[in-house]
Amino acid sequence: MVIVGGCRSNISEMNINDIYNSSYNSDGYIIYKGNKSAVKTVEKLIHENTNQKKPPIFITGVTASGKTRLLRELYNACYTEGITVCVTTAKDIANDIVESIRNKTNYKKRIVDKCIQYDLLLIDDLQDFFSKKDTLYEISNLISEMSARNKHVVCSIKIPCSFLKEAMVAIMGTNRPIKVEEIYLPRYSERIKIIKYKAFQINDKKGIFLNKKVIRYLASSCCDIARIEGAFKAVLLHLDYYKRNIDVSQIKQMIKL
């Protein structure tokens, strides 16, 4: 677990410099129709009244739809606004439960009492332990403790939105309200716009232009946000090394799509 505005706890192996640093997001976060509602929800969260009870927010979507990326952007925005954030994953919580049992220590003292000191709790990859009832029970209690103290909780989870509410009611009970936002993969036309925007940034920073064939190939081959970002990382590495424009044959060889 990583505490922003505090210190690193020894209950997690997550490296905040690798995952949540602002330099990683220097190219800007692209908002499109498929993620617009989720973005609005987390933006609203930053400015909400801290004296009101808040239902936990679950960001759902298929693999590589941009759930973790949205959590990164939320982290960065909170850091800028001076909001203290606790970041963890379901795996980290499960490992800590096991460690607490092994060491015969109180889980509540170890985790819950630390988390409630902060304004926002981010839990990534909640689906990893969706079949483990004991772990989910402890996570449910943690979320409840945060909500009871008017703290925000945002979780990412790879599970269809249509099943998520039913599943969470089974875990958390019917009397606990939740907010669910699903991120959808961008359509081809949206991928074209995203790639054009990123290409414009490359042109602005490197003075190198990506032609229409390259943009269309990337939009056809990269069907999700993670692939688009991965492709542009490869493109940037190529441009930094060769200092010249890139064509479709080089793109095909480079990113092996």
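## Basis

Helices (H or I, at least four residues) and strands (E, at least two) are DSSP runs, numbered from the N terminus. The model is predicted: local features need pLDDT of at least 70, side-chain atom pairs count only at pLDDT 80 or more, and totals for chains, interfaces and linings use all residues. Residues are numbered from 1 along each chain as its sequence is written, and side-chain values use heavy atoms, with hydrogens and water left out.

## Ile30

Ile30 lies in the loop between α1 (16-19) and α2 (36-47). Its relative accessible area is 18%, so Ile30 is buried (under 20%; exposed is over 50%, partly exposed in between; 1.4 Å probe, protein chains only). Not counting residues up to four places away in sequence, Ile30 touches Asn35, Ile194 and Tyr197 (contact: heavy atoms within 4.5 Å).

## Helix α2

The buried residues of α2 are Ala38, Val39, Thr41, Val42, Leu45 and Ile46. They sit on the same side of α2, because they cover an arc of only 160 degrees around the axis (taken from the directions from the helix axis to the C-beta atoms). Exposed Lys40, Lys44 and His47 are on the face turned away from that buried side. Cover for the buried residues includes β2 (57-60), α3 (67-81) and β4 (120-124).

## Nonpolar cores

A nonpolar core is a set of buried Ala, Val, Leu, Ile, Met, Phe, Trp, Tyr and Cys residues joined through side-chain atoms within 4.5 Å. The largest has 44 residues; Leu74, Leu122, Val154, Leu210 and Leu218 touch the most other members. Helix α10 (residues 225-242) gives the most to this core, seven residues. A second, separate core of 22 residues includes Ala90, Ile111, Leu121 and Leu136.
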